[in-house]
Amino acid sequence: AQSYFGYFATRNPIRQARNRLLRLADSSDRWRAQVVTDEHALPKTELMRSEYYNDFLRRFDIHSLLMMGLAVERTKFATINFLRPRRSSQFDTDEMHLATRLQPHFIRAFDLSVRLSELRQLNANLAESLDRSPHGVFLVGADARVRHMNRTAETLADGRRGLTVRNGILCAETADSTRTLHRLVAAAGGADDNRRGGGAMPVERPDYRRPLSVIVAPLHPEQIAPFPPEPLALVCATDP
């Protein structure tokens, strides 16, 4: 890979001829619609006279290539290259048809891997942001069951400093505050998007002079895809 991208990629006559063949300058959709071989792109004799073939492909005993396009984004592209040595036969029509039938499945697998990668990155970024927040952040379902909490929230809950978690349910220290909190959470985490809403409340703490300041807001699944695919509520608690 270092040798290819460091030098030979710009001297690859197959890539240049293939791009002209597929007319990728006109539409990148063709990249995901056709399977091509090196012989479609240019005659084998022309390839074998090139620096690319003699100084790169021959070094790895590569004589024939079949290229299956997966994605193109401006100058970036993804492809699967099937390679054969000179002692093997060329890719024939039956193998081209097989590759063409498989291509949509490879494309779906590639697209899924990209989405999962994005979700993993979002998961890492979101978890880091939550843990770095000076506020206590709880992600809860409409039933107030805790799905995730950051370090500050864990400290609040463990120390019973206004909020606590009982049997997995986020609760306040007093029954009245708990009822108000659960009412806000149910409104923010409900299934009806048109009726979801947030709110704010103080949470009285018998052992402290000042109450917790708590804000409840709705979150949609696409905003927090790494977490369970359900409407969630964000409960943000600030300890004055």
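Contact here means heavy atoms within 4.5 Å. Helices (H or I, at least four residues) and strands (E, at least two) are DSSP runs, numbered from the N terminus. The model is predicted: local features need pLDDT of at least 70, side-chain atom pairs count only at pLDDT 80 or more, and totals for chains, interfaces and linings use all residues. Residues are numbered from 1 along each chain as its sequence is written, and side-chain values use heavy atoms, with hydrogens and water left out.

Start with α7 (151-158). Its buried residues (under 20% relative accessible area, 1.4 Å probe, protein chains only) are A153, L156 and A157. They fall within an arc of 95° seen down the helix axis, so they line one face of α7. That arc is taken from the directions from the axis to the C-beta atoms. An α-helix has 3.6 residues a turn, so residues three or four places apart point the same way. β4, β5 (146-149), β6 (163-166), β9 and β10 are among the elements covering the buried residues of α7. The face turned away carries R151 and D158, both exposed, that is, over 50%. Just after α7, R160 takes a positive phi of about 50°.

Next, L163. Leaving aside neighbours within four places in sequence, its contacts include L156 and A157. They also include L181 and V214.

Turn to R196, in the loop between α8 (175-188) and β8 (199-203). R196 is buried, with a relative accessible area of 11%. A polar atom of its side chain lies 2.7 Å from the backbone oxygen of A188. The R196 side chain also reaches the backbone oxygen of L219, at 2.8 Å.

Note on methods: A polar contact is a pair of N or O atoms within 3.5 Å; within protein, one must be able to donate a hydrogen and the other to accept it, and residues adjacent in sequence count only if both atoms are side-chain atoms.
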